[in-house]
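Welcome! Take a look at the sequence and the model, then read on.

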Protein chains: 2
Amino acid sequence: MSKFAVLGTGMVGKTIGNKLVELGHKVMMGSRTHNNEKAAEWVAKHSHGNALQGTFEDASRFGDYIFNCTKGMMALEILDSANVENLNGKILIDITNPLDFTNGFPPTLTVSNSNSLGEQIQAKFPEVKVVKALNTMNCNIMVNPKLVNQGDHDTFICGNDEHARKWVTELLTQFGWEAKHIIDLGDISNSRGTEQLLPMWVRLMGAVGSPMFQFKIVQ
Amino acid sequence: MSKFAVLGTGMVGKTIGNKLVELGHKVMMGSRTHNNEKAAEWVAKHSHGNALQGTFEDASRFGDYIFNCTKGMMALEILDSANVENLNGKILIDITNPLDFTNGFPPTLTVSNSNSLGEQIQAKFPEVKVVKALNTMNCNIMVNPKLVNQGDHDTFICGNDEHARKWVTELLTQFGWEAKHIIDLGDISNSRGTEQLLPMWVRLMGAVGSPMFQFKIVQ
């Protein structure tokens, strides 16, 4: 049993939180306030005391591991509000994308090409072990890869700390990912690659007619 | 038999030119000069008179269809030098990527996120039927998809002219692509998606250890 913070009360945060609780972990969902309605609803669905809620700061203090499930455009500000002291030394699994919907659909990216949100987070919090992961798919697939093509497709991770990447790889296998489908790209600068998949992802969703698809790398 | 211009004398131009000649088409390879050494070498390998060379302008005048196989950073300037009168009304298959290697590897993109090279070409030459295609893979795979995973992987096309997209789809089937593996994304703005696959492609090449891999979309 580990203690996790899940920052964000949207679909992604709930889905990740559910899976972590299901795996027997203790999870505190973080939001701006300690009595967030969506978080309370999520807590109420789990009666065994392993689902908690608090502010971003509470959750980050509570968790030995942090899942960043916030909206990409607000991620840096939210992590700031969590207090760096609560993050330092911990593994932060960053599954956000810097999507900017201010001009409608399809979104652009707030940062891309010569930088990425993963790198921005790592640069702002140098003592945090940032691992970019799971950001290239619908959240239901993140925790249940078999939903698509019997699990035969790929996910990508990157981060500067090799031990942290291995730890996340192990967690992903608990989520149902086969090790051969977890492609380790190396340091956090590779999040430029995975985040820039998103402009393609949103267009493929249109062409495929569903968000339930995945990238598979074949040789 | 159709007449094609292939603009560019690099690996991509030669590979596309070879395939078109093999399919029985007449191909003029275009470069800056009418007596380019690489183009001459390519012409000499094809003794039956279906492989020709000339300037970008000569080739574009000659071809009823234009393959843009130039380096992305020079594409707009080269198309300018081909003379818009030689391009207007024709289908231009744009397989270039706006890769910028001036800061080494991995490259960044000269244009991305809120624009793309495909769109820039279409905007500059509004009477040309630009179809972005084949830009997301090694050139040997472009003309021989069976080189990877028995051809079981995907390619993407986009462009504003539906007839032109259908024509390119048909040509790709002659290249060996099964129709079900040619994903039509719609108008040329979708080249923002396919061009932004490149930052991921170059990183995957490192992780996979070879350029002979492909994206497959699975459901």
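Over all chains of this predicted model, a search of the whole structure finds 24 salt bridges. One of them joins A:K124 and A:D80, whose closest N and O atoms are 3.3 Å apart. A:K124 sits in helix α6 (residues 117-124) of chain A and A:D80 in helix α4 (residues 75-81) of chain A, so this pair ties together parts that are 44 residues apart in sequence.

**Where chain A and chain B meet**

- The contact draws on 34 residues from chain A and 34 residues from chain B.
- About 2,800 Å² of area is buried between chain A and chain B, and carbon and sulfur atoms give 63% of that area.
- How many salt bridges are there between chain A and chain B? The count is zero.
- Polar contacts do cross the interface of chain A and chain B: nine residue pairs are found, with both residues of each pair at pLDDT 80 or more.

**What chain A brings to the interface**

- Several elements of chain A each supply at least two residues of the side that touches chain B: β7 (108-109), β10 (182-186), α9 (191-195), α10 (198-208) and β11 (214-218).
- Which element gives the largest share of the side of chain A that touches chain B? That is α10(A), with six residues.
- Sorted by class, the side of chain A that touches chain B has 16 nonpolar, 13 polar and five charged residues.

**Strands that pair across the chains**

- β11(A) pairs with strand β11 (residues 214-218) of chain B in the antiparallel sense, over five bridges.

**How the two copies are arranged**

- Two copies of a chain are related by a rotation about an axis and a shift along it.

**Backbone details to look for**

- In chain A, the peptide bond from A:F105 to A:P106 is cis, with omega near -5°. A:P106 has its place in the loop between β6 (99-100) and β7 of chain A.
- In chain B, the peptide bond from B:F105 to B:P106 is cis, with omega near -5°. B:P106 is in the loop between β6 (99-100) and β7 (108-109) of chain B.
- A:Q150 is not a glycine, and yet its phi is positive, at about 50°. You can find A:Q150 in the loop between α7 (139-142) and β9 (155-159) of chain A.

Methods: Residues are numbered from 1 along each chain as its sequence is written. Chains are lettered from A and ligands numbered from 1 in the order in which they are written. This is a predicted model: local features need pLDDT of at least 70, side-chain atom pairs count only at pLDDT 80 or more; totals for chains, interfaces and linings use all residues. Side-chain values use heavy atoms; hydrogens and water are left out. Contact means heavy atoms within 4.5 Å. Buried area is the accessible area (1.4 Å probe) that two parts lose on being put together, summed over both. A salt bridge is a side-chain nitrogen of Lys or Arg within 4 Å of a carboxyl oxygen of Asp or Glu. A polar contact is a pair of N or O atoms within 3.5 Å; within protein, one must be able to donate a hydrogen and the other to accept it, and residues adjacent in sequence count only if both atoms are side-chain atoms. Helices (H or I, at least four residues) and strands (E, at least two) are DSSP runs, numbered from the N terminus. Ala, Val, Leu, Ile, Met, Phe, Trp, Tyr, Cys and Pro count as nonpolar, Asp, Glu, Lys and Arg as charged, and the others, Gly among them, as polar. Two strands pair if DSSP finds at least two bridges between them.
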